[in-house]
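Dear colleague,

I am passing on the structure we spoke about, with the sequence alongside. Please open it first, and then read the notes that follow.

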Amino acid sequence: MHVFVQSPTALDATAVESLAARLRGTGIVHQGPAAARFTLPAQADAPRDTLHAACQAMGLDSAVLPPGRGLADFKLAVFDMDSTLINIECIDELADLVGKKEQVAALTEQAMQSGKIDYDTSLRMRTRLLAGLPVSAFEPLYDARVRFSPGARALVAGLRQAGLKTAIVSGGFDYFTGRVRAELGVDVDYSNRLAVEDGRLTGELEGQLINAQAKARHLARLCADMGIPTSAAIAIGDGSNDREMMALAGLAVGFRPKAILRPLLDVVIDHLGLDSLLNVLAPPRG
């Protein structure tokens, strides 16, 4: 396996040498001033989350990939939305409009960070707290609070230029995924639908709930529709709701990921922007 590390600033060559020695890695090749790769021994026994943690402590983003794995090996990229493509959890911000942000945020944290509360139960509990909110509040909230994560535009553009289909599969809500899809140029989006009566939220959801299992099913169906194996998909997310689609995908990418997700990840982006994934999958130099 190959380890790829990159930094927001120039790499400290001595630190990279120390990291490689600790992991019994060999063949360090610098990929410009801020990135390097090296090879792990065939029977390296360090768990990936241990490796990623060591890199995080050094201020490095990290990836562990089979030799030769690159962007050309993938045909589909599936994104989570909240706290991945965008900077917020939309449900928390909607709750702020009805004075219940702290209550909803606590439930979000318990579901996404630790898995202490079943996701489906948590989402329904949180949604019911939004009852009575007028849907006319969505547009000003989006305009005032939604910002794209660093590198989101560049990553989507780079993936599309390379010929990948892109999708948002989110436990968030359709108004927000629709706008993010349109503004970033993502091909399709799938998300939860809030029930509305007389212009106000009822506190219930309509249709299929998009949970971890549904996310995985959407990824599998998209791959089937394209006639590709799930190993040709990249899954990009940040929380426990992304685990199952990541387990199916050929590459699991965590953007500022929660601890519960880290043992599954091939790529961890803690410090750089989303577009740094393009560096990870670029042809190696040297």
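Leaving aside its neighbours within four places in sequence, which residues is G250 in contact with? Before the answer, please keep in mind that this is a predicted model. With those neighbours set aside, G250 is in contact with R69, F74, T230, S231, A233 and D266. G250 itself is found in the loop that runs between α10 (243–248) and β10 (251–255), and its C-alpha atom is separated by 18 Å from that of V156, a residue 94 places away along the chain.

As for the overall layout, the domain assignment of the chain gives domain 1, covering 1–67, and domain 2, which is made up of 70–87 and 148–285. The centres of domain 1 and domain 2, taken over C-alpha atoms, are separated by 25 Å, and the contact takes 19 residues from domain 1 and 18 residues from domain 2. Between them the two domains bury about 1,600 Å², and 50% of that area is on carbon and sulfur atoms. If you look for salt bridges between domain 1 and domain 2, the count is zero.

A search of the whole structure finds one cavity of 30 Å³ or more, and about 170 Å³ of space lies in the largest cavity. Of the 16 residues that line the largest cavity, the closest to its centre are D82, E89, Y119, G171 and G172. The elements that give two or more residues to this lining are α3 (90–96), α5 (119–128) and β6 (165–173), and β6 gives the most, with four residues. By residue class, the lining of the largest cavity divides into six nonpolar, four polar and six charged residues.

With best wishes

Notes:
Residues are numbered from 1 along each chain as its sequence is written. This is a predicted model: local features need pLDDT of at least 70, side-chain atom pairs count only at pLDDT 80 or more; totals for chains, interfaces and linings use all residues. Side-chain values use heavy atoms; hydrogens and water are left out. On a 1 Å grid over the protein atoms alone, a cavity is a set of points where a 1.4 Å probe fits but cannot get out, and a pocket is an open set with protein on both sides within 12 Å along at least five of seven lines; lining residues have an atom within 4 Å of a point. Grid points are joined across faces, edges and corners, and a volume is the space filled by probe spheres set on the points. Ala, Val, Leu, Ile, Met, Phe, Trp, Tyr, Cys and Pro count as nonpolar, Asp, Glu, Lys and Arg as charged, and the others, Gly among them, as polar. Domain bounds come from an automatic or database domain assignment. Contact means heavy atoms within 4.5 Å. Buried area is the accessible area (1.4 Å probe) that two parts lose on being put together, summed over both. A salt bridge is a side-chain nitrogen of Lys or Arg within 4 Å of a carboxyl oxygen of Asp or Glu.
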